[in-house]
Amino acid sequence: MATIEYWIQLENRPWDVCPNNIDRMSGQNLKDLEGKDPATVSLSSPGSGVVRSGVTMYRPVRKSDASVDEALILRRYKPPLKPDQSDAWTQPDDRKINAWDLNEPDPTDTGTMGTIPGPVIECNVGDSVKVHFRNRDMRTELGTKTICFPFPFIGEICLPFPTAVPIAIEKRTHSLHPHGFVFEPTSDGAYPLSPPDSSQPIPPAEAAAWSSVPGFSGSLKKGDRVPPGGTFTYLWNTFGWPTTAGVWLYHDHSICDMDNVEHGAIGIIVIHNPADAQQEVDIRAGDPQDPSRLDPTFLPGGSPNGSPIQTFCFPLPFETHVLPFDLEGLPSVNPMPMQGEMHGMPSIAEAKKSKHAKSETDAASPEMARTIQRGNLLLELDEKLLLIRRFCISRYRTPPTKALYVQLFHSLGDAGMCINGRKYVGNTPTMIAGTTTRMRFGVVGMGSDVHTFHIHGHRWIIPGPHGNAPGAIQGSVLDTPVSQFEDTRIFGPANSFVFTIQGQAGSFMRAGGPGQDQPIGEWHMHCHVLAHMMTGMMGSLLIINGGELAFGLPIGVPCPSEMAGGGGMGGNGGAGGPKTVTVHVVNFQFNPDPVTINAGDSVTWQWDADDHSTTSDTAIWDSGVFNTGHTFTRAFPAAGNFPYHCSIHGSPGAGMHGTVKVV
């Protein structure tokens, strides 16, 4: 049995929960949906030194004052090659969470620089896992620094100047705590219970960092309080017990664990059982030198960061010139297009890696740096940007025969309900599968909310062990049904479950019917708690044969309750009189916001979370602070804009705030 090593570093940087700027359910962009402008940020990779400025984020995680916050990203690195390991945590080894997710962005230095959730840790029953962890939380806040100047006659004068200072050390101290594995107390990572690890003395280079942690003393590291600049090695085991098999999670469990987890410090564990031949999906290549290497046969384009969509280009049979304004904003291709366009387009970096990318005579990928987009067509220009050389179309790759789809249902900062760090259909996972794909789903919950997992049209059973005696349970594979047939499962924080849907023709689990092509289409995949679903906790499962044109997926329109006139879900509907529109108070936001109604209509605020209020900025109304289940209604007889906020979590124009627009 193998010991599989991972090198993981915690880093801080901005994170966009809606990188494609679309909610396909309503057809709205994020400005229309939430009333907030995009932000321009810089992203820096501390390991590789790469810095990218001018990055647009359509829905970044924000602070209570509406400024851009920084997420906590657990990032995978290649193992060091030098004997003294001085090159550790210098070469990122980013991989998508789901290679066949149509919407997941490029996770490398040319994209998001990591993923939420963090790296998927994989092993077999019987293996052990060693995680080398380094904390690089360098978050700062605005403070002051006193600078002194020499001054004639009086010696010197000292003045305070605003400057960035590190946030409290307690907030920047982190750990890793696993579920599913077997481990000793030293590798638990659970503050404040972890004892000193006698096998990990503090090296001189880290002594100052460890001594800065409040309450820490001694010369041995503790895995529950790793300081910025500090390292710790965790050892997690399976001991060959099939009871460890399944999909689990790991997360920060240090001093400020709740805030850290809700800023992204969480990852997923997959423990495979090779004995479970009927249900298991393991696409690793079986390389003893690199046990985590994936088999390219089951990856889009043979790459863990490949796109499920392939673009082909063809030369124009005649000379076609470019107008001057066609060059505006070049390249004008969004690597992850919005609305009715081609989702999952290869990124500029991916296209450049193709050895055929610069060819103008074959059907290979376009040179994205000199490509413009017009509707569903890509037009590649010549090197002088004077002529259109090739036109390009996109189609779906052939889906895999088996795939593992892992999804984390969680809350992320002020963005609220997310799946894998993203929200709203078109950003959240759209998983690609074929009509014969063995689909294994691993679902994990985290946060303070209870969720459900529902896939339209499909059914499954939850597998469990044989028998009911301890010996039989401990030694058996998980292949015996322990649930009814179901299409919706409830789960809570730190709950996880896994099941397999056999997609072949005739399977009673598949959608559409027993016929070969009956499942083809896109199926909703979401949390069915309505307040969670309507605030963006929705994804989809797209079943294809492969080879279809990738000309975009269906787009909806807003519910009338979210537009002038009210009605729809949450409203009284009809056209005969005043209407009532519902605004959900949930996850540190009012949804929808802004809400537009007619004069004479009413707004009902419905509490879907605890400890919030709706309080007018101009003291017109104040609901008081209430908890889940409460409602508060107010009529608006006259036209105007009526801003409001939560008295606990916001203030006028900042934090948790909203606007009622009366027309």
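**Reading aromatic pairs, strands and surface patches**

Guide: Let's begin with Phe 441, which is buried, at a relative accessible area of 0%. Buried stands for under 20% relative accessible area, exposed for over 50%, and partly exposed for what lies in between, with a 1.4 Å probe and protein chains only.

Visitor: Where do the numbers come from?

Guide: This is a predicted model, so local features need pLDDT of at least 70 and side-chain atom pairs count only at pLDDT 80 or more, while totals for chains, interfaces and linings use all residues. Residues are numbered from 1 along each chain as its sequence is written, and side-chain values use heavy atoms, with hydrogens and water left out.

Visitor: How many aromatic pairs does the structure hold?

Guide: Rings of Phe, Tyr and Trp (its six-membered ring) pair if their centres lie within 6.5 Å; planes under 30 degrees apart are stacked, over 60 edge-to-face, and the rest tilted. There are 30 aromatic pairs here. One of them joins Phe 409 and Phe 491 edge-to-face, at 5.6 Å centre to centre and 90 degrees between the planes. Phe 409 sits in strand β17 (residues 402-412) and Phe 491 in strand β24, and the two are 82 residues apart. As for the element names, helices (H or I, at least four residues) and strands (E, at least two) are DSSP runs, numbered from the N terminus.

Visitor: Are Phe 409 and Phe 491 buried or exposed?

Guide: Phe 409 is buried at 0% relative accessibility, and Phe 491 is buried at 3%. Next, the ring planes of Phe 441 and Phe 499 meet at 25 degrees with centres 5.5 Å apart, so this pair is stacked. Because Phe 441 is in strand β20 (residues 438-445) and Phe 499 in strand β25, the pair ties together parts 58 residues apart in sequence. Phe 499 is buried too, at 0% relative accessible area.

Visitor: Which residues form one aromatic cluster?

Guide: The cluster is made up of Tyr 405, Phe 409, Phe 441, Phe 453, Trp 460, Phe 491, Phe 497 and Phe 499.

Visitor: And how do I read strand pairing?

Guide: Two strands pair if DSSP finds at least two bridges between them. β17 pairs with strand β18 (residues 416-419) in the antiparallel sense over four bridges, and Leu 412 has Gly 416 in β18 as its bridge partner. In this hairpin, with three residues between the strands, Gly 413 takes a positive phi near 50 degrees.

Visitor: What is the order of the four strands in the open sheet?

Guide: The order is β30-β35-β34-β32, with mixed pairing. β30 (595-597) and β32 (615-616) are at the edges with a single partner strand each, so one side of each has no neighbour in the sheet. Two bridges join β32 to strand β34 (residues 640-651), and these strands run antiparallel; Thr 615 has His 645 in β34 as its bridge partner.

Visitor: Where does Asn 495 lie?

Guide: Asn 495 is in the loop between β24 (488-491) and β25 (496-502), and it is partly exposed at 38% relative accessible area. Contact means heavy atoms within 4.5 Å. Leaving aside neighbours within four places in sequence, Asn 495 is in contact with Val 443, Val 444 and Gly 445.

Visitor: Lastly, where is Ile 157?

Guide: Ile 157 lies in strand β8 and counts as partly exposed, at 35% relative accessibility.
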